[in-house]
Structures are given as structure tokens and as C-alpha cells.
Amino acid sequence: MRSLTLACRATQVVDLFPTVSPEIVVREARLEDCWEVAETHCSSFFPEYSFPLDFVLRVDRLVGMLSGFSIPPGCRRTCLVAVIGGSVGDTFLFGTEDFKIGGFDGKFSLNKGYVTGILTIDTVADFLPRKGPLRQRRTGIAYISNVAVRERFRRKGIAKRLIAKAEAQAKSWGCRAVALHCDLNNPGATKLYKDQGFRCINVPEGANWPQPKTAPNVKFNFMMKLLNTPSTTA
């Protein structure tokens with residue numbers, strides 16, 4: 001008989017403990033989520049890769065995430081995760097919010113759950129058109145990227161939950177809008193974003209707007225959504 005310990009791999013946690021907490025909880029990613037975040041990212045965007053290349057890719061992604069703490073002054077970056085099988089509240093939580101690495105919270109939980117979806121949101125503005133002759137970074141617009149849901153958990157509203165949480169995060173940062181790039185060859189994703197209120201922005205002819213660094217033949221829709229931020233009174 002195989003040891004139960006050997007069976008407790010990350011990809012089997014939900015099967016082994018299906019009744020712990022079936023509710024999907026969207027929260028800020030913690031350091032303990034790093035490997036599952038890398039695994040979700042790679043299995044979603046590079047499903048054709050097999051061992052050992054897929055393992056190398058996951059390690060590369062993990063290193064990239066943990067080294068991504070260097071961002072311009074005044075900018076923010078957060079990785080959000082949708083988890084299942086963890087505690088809804090933050091009972092049994094250790095660590096501090098003041099310690100972060102690469103957009104990951106430095107807190108740890110005894111019941112962290114299983115990562116089913118991921119999303120990154122930032123105000124770095126690397127993929128937003130620069131403004132003015134000095135090509136300054138745009139402010140007040142949060143950028144969403146790396147939206148991915150594990151295949152077995154798709155069509156359950158997880159991506160919508162992640163986007164809603166990202167919009168709330170952007171509002172808390174004082175942003176007036178959120179933007180993203182969507183693969184033109186992914187009509188399902190385009191419909192998802194449009195249903196959430198995003199609209200395609202026409203790129204001016206001849207304009208050299210930045211795009212995500214992917215395969216050279218991939219083309220994107222640039223999409224944006226205005227946020228209903230609370231009005232302030234003097």
C-alpha cells in the first residue's frame with residue numbers, strides 16, 4: 001500500500017480533502033503559494049510542455065516571481081490567488097503584511113488551501129502607452145496580467161472573482177481605471193472581459209504601444225475599464 005504521504009502531492013489535495021471548504025476564496029498570494037502559482041501559470045500558458053522542460057519552466061517562473069520585488073518607487077504590485085480547501089478567514093495566520101517579496105505577502109497559514117487561479121495587478125505601467133514627449137509612466141491606471149485558472153476548475157466563475165478582487169485592489173490604490181492585453185486568438189477570454197465591463201481600445205495607426213513579451217506572432221487587444229471610484233469632497 002502506498003504511503004498517504006506520497007499521495008499528498010499538490011495536485012491531489014482537493015481530491016483527498018474535498019469537504020474541508022468547497023468555497024473559493026480570493027486573497028493576496030503568500031510566499032507559501034509560490035510553487036502552486038508557478039505551476040498554475042505554466043500549465044495554463046504552456047500546456048504543451050512535458051517533463052523535464054515543464055519542471056525547468058516552473059522553477060524559472062518561481063525564481064522570476066521571487067526576484068520581481070524591484071519595482072519603481074511609488075508603484076505597487078500584487079499577486080492574487082483563488083484557493084479552495086482553505087480557511088475562509090485568516091485564523092491560524094502568522095507573519096506580517098510589512099514583509100513582501102515579488103508581490104507576495106510574507107504571511108503563512110496552517111490551512112492555506114489549494115491554488116486554482118491566479119492574477120497579477122500592478123501600477124508599474126510597463127505595458128501602458130507612455131505620455132508626453134518625455135514618455136513618462138502613466139499613473140492612476142492599474143494593469144492586470146497573468147490571469148490563469150487550472151483547467152479542471154474553469155467555467156466556475158473563478159476568473160470573474162479574480163478580476164473583481166483586482167478591481168477592488170485598484171480602487172484601494174486610488175486608480176481610476178484598469179487595463180489589460182487579451183490574445184486576439186482567445187475569443188473566450190475577450191468575451192469574459194467584455195462581460196466584466198472592459199472595452200477594446202483602438203491603437204492609433206503607426207503608434208508603437210508596448211505589448212506583453214510573448215511569441216512574436218501573438219497579437220493582442222488592448223482593453224480598459226473605468227472604475228467607479230468614490231467622489232471626494234473638499
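Trainee: In this predicted model, where is the place of Asn-146?

Mentor: The model is a prediction. Asn-146 has its place in a strand, namely strand 8.

Trainee: What is the phi of Asn-146?

Mentor: Most residues other than glycine have a negative phi. Asn-146 is not a glycine, yet its phi is positive, at about 55°.

Trainee: Does Asn-146 count as buried, partly exposed or exposed?

Mentor: Buried requires under 20% relative accessible area and exposed over 50%. Asn-146 has 25% relative accessibility, so Asn-146 counts as partly exposed.

Trainee: Is Ala-125 buried or exposed?

Mentor: The cut-off for buried is under 20% relative accessible area. The relative accessibility of Ala-125 is 1%, so Ala-125 counts as buried.

Trainee: Is Lys-225 buried or exposed?

Mentor: Lys-225 has its place in strand 11 (residues 220–226). Its relative accessible area is 17%. Buried means under 20%, so Lys-225 is buried.

Trainee: With which side chain does the side chain of Lys-225 make a polar contact?

Mentor: Leaving out residues up to four places away in sequence, Lys-225 touches Ala-177, Val-178, Gln-196, Gly-197, Phe-198 and Glu-167. The polar contact, at 2.9 Å, joins the side chain of Lys-225 to the side chain of Glu-167.

Note on methods: Residues are numbered from 1 along each chain as its sequence is written. This is a predicted model: local features need pLDDT of at least 70, side-chain atom pairs count only at pLDDT 80 or more; totals for chains, interfaces and linings use all residues. Side-chain values use heavy atoms; hydrogens and water are left out. Buried means under 20% relative accessible area, exposed over 50%, partly exposed in between (1.4 Å probe, protein chains only). Helices (H or I, at least four residues) and strands (E, at least two) are DSSP runs, numbered from the N terminus. A polar contact is a pair of N or O atoms within 3.5 Å; within protein, one must be able to donate a hydrogen and the other to accept it, and residues adjacent in sequence count only if both atoms are side-chain atoms. Contact means heavy atoms within 4.5 Å.
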